[in-house]
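Colleague: I would like to go through this model with you. Could we start with the overall layout and then turn to the annotated sites?

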Amino acid sequence: MTLEQLRHSPEQLRTRIAEELDRARSRSARLTDIDREDLVRQHSPLMSPLVWDYAHIGNQEELWLVRDVGGREPVREDIDNLYDAFQHKRSDRPSLPLLGPDEAGAYVAEVRRKALEVLERTPLEGRRLTEAGFAFGMIVQHEQQHVETMLATHQLRVGAPILDAPPPPPTGPAADRTEVYVPGGMFLMGTDLEPWALDNERPAHAVGVDSFWIDTDPVTNAQYAAFIDAGGYDDERWWTPAGWAHKNTAGLTAPQFWHREDGVWWRTRFGHVEEVPPHEAVQHVCWFEADAYARWAGKRLPTEAEWEKAARYDPATGRSLRYPWGDEDPTPEHANLGGVYLQPAPVGAYPKGTSPLGVRGLIGDVWEWTSSDFTPYPGFAMFPYPEYSEVFFGPEYKVLRGGSWAADQSAVRATFRNWDYPIRRQIFSGFRCARDARDADV
Ligand SMILES: [Fe+2]
């Protein structure tokens, strides 16, 4: 059942929340069940030591669930400042007097015990913060987002592999066409209905877009390699001035973690060196690279509104769906989520995840860069704290949509908005292209 359906069955809703908390913890515990050395070391100045993420997860849970929702005494008020992401840059975090691995493990376990007691006693209605379990859902999503961040840290770690996974499912039937036509007109963007949607996804509002074409599948490694082979990184025409400058300064010549030997592309993935699979969505590209590829291909990145219309709009009813496949929660048949395979699947591997218009692979596999800056929707109201979204609104950040293979289903919806700097590429980011439709297309 969906959260909306569980809203009026408090016991079932509590059971579901406890399961979601547990699933998040089993993932974060797995990623921190490693050598102490690897836990406390900073694997990249872009990332926190894993032991910081772990205790920070517990500290956020303590602040919101134990202290605010539960009204209980603090567990470790003395460490609040250490684990406040706004007080210390990631690069500075290793020099802080952080909890050690054992202390961090004991702390998060104690906070979780208390949070579950609070869950048992809290009415899940009557107060906005706890309505339909919102605060618990926010904390579930927070932990799952840090799981994805911790996977990015693991990917940056150098040394023998310590994470393994089965191979992803094989590709499904090829698409009959490489692009899908999306008719112009209004559709409902954002949500008022999703109980655990975050403030930046609200409110639902009508948005008009002109008709456009969007790629059926995300851009694959083979397609991206063709851009490299065509000299795409050496041709200023394809890049914005800022993108060209960044590419030169950073020395970008291919997606992060790729290298070429005797004309063959290889990649390093969680310590495994393997040939780049041609039919997977490309990942570890920054916004500037995605934007340049699109221009080389004679296209552009979709706007955020275009992406959401392609994902949710059902032309038969005019409704916007929760997910491309409908209103049903994700199952393993719909999308590559939850870090099961530690990589994207080949495009077309999830035919059941196709949108009503025929667009595939929108949820899971890779976060998709859009052309849009991260801005508030009309009628945006900050909730429950400005540091969730509000302080990030503005032109420095680009929006990514759809979730990656590393994202959990609790933290992905067709309305879910992620954002990052246009230079970021240690995240599991890819893209698909779009183009304007001409009258003759209609
Ligand atoms: Fe956080």
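This is a predicted model: local features need pLDDT of at least 70, side-chain atom pairs count only at pLDDT 80 or more; totals for chains, interfaces and linings use all residues.

Colleague: Understood. Into which domains is the protein divided?

Modeller: There are two parts, domain 1 (3–156) and domain 2 (171–442). Their C-alpha centres lie 27 Å apart.

Colleague: How many residues of each domain are in contact with the other?

Modeller: On the domain 1 side 23 residues take part, in contact with 15 residues of domain 2. The elements giving two or more residues to the domain 1 side are α1 (3–6), α2 (10–32) and α6. Of these, α6 gives the most, with 13 residues.

Colleague: And what is that side made of, by class?

Modeller: The side of domain 1 that touches domain 2 has 12 nonpolar, six polar and five charged residues.

Colleague: Let us move to the annotations. Which histidines does UniProt list as a binding site?

Modeller: The unreviewed UniProt entry lists H56, H142 and H146 under "binding site". They are spread over 91 residues of sequence, yet they cluster in space, with a largest C-alpha distance of 10.0 Å.

Colleague: Where does H56 sit, and is H56 buried or exposed?

Modeller: H56 lies in helix α4 (residues 50–69). H56 counts as buried because 24 other C-beta atoms lie within 10 Å, and the cut-off for buried is 20 or more. Leaving aside neighbours within four places in sequence, H56 is in contact with Y83 and A85.

Colleague: What about H146?

Modeller: H146 is in helix α6 (residues 134–156). H146 is also buried, with 23 other C-beta atoms within 10 Å. Beyond neighbours within four places in sequence, the contacts of H146 are S28, D53 and I57.

Colleague: Which residues does the other "binding site" annotation cover?

Modeller: That annotation, again from the unreviewed UniProt entry, covers R90, S91, D92, R93, D420 and R424. D92 is in the loop between α4 and α5 (101–121), and R93 is found in the loop between α4 and α5 as well.

Colleague: Why is D92 classed as exposed?

Modeller: D92 has 12 other C-beta atoms within 10 Å, and a residue is exposed if that count is 12 or fewer. R93, by contrast, counts as buried, with 22 C-beta neighbours inside 10 Å. Setting aside neighbours within four places in sequence, R93 is in contact with S48, P49, W52 and H88.

Colleague: How does β10 pair with strand β9?

Modeller: Strand β9 (residues 394–401) and β10 pair in the antiparallel sense over four bridges. L400 has N418 of β10 as its bridge partner.

Colleague: Changing topic, which residues of helix α7 are buried?

Modeller: In α7 (residues 221–229), N221, Y224 and F227 are buried. They lie on the same side of α7 because they cover an arc of only 115° around the axis. An α-helix has 3.6 residues a turn, so residues three or four places apart point the same way. The buried residues of α7 pack against α9 (287–296).

Colleague: And just after α7?

Modeller: G231 takes a positive phi of about 80° there.

Technical notes
Residues are numbered from 1 along each chain as its sequence is written. UniProt positions are given in the numbering used here, feature names are shortened, and annotations may be inferred rather than shown by experiment. Two residues are in contact if their C-beta atoms, placed from the backbone, lie within 7 Å. Domain bounds come from an automatic or database domain assignment. Ala, Val, Leu, Ile, Met, Phe, Trp, Tyr, Cys and Pro count as nonpolar, Asp, Glu, Lys and Arg as charged, and the others, Gly among them, as polar. The arc is that of the directions from the helix axis to the C-beta atoms. Two strands pair if DSSP finds at least two bridges between them.
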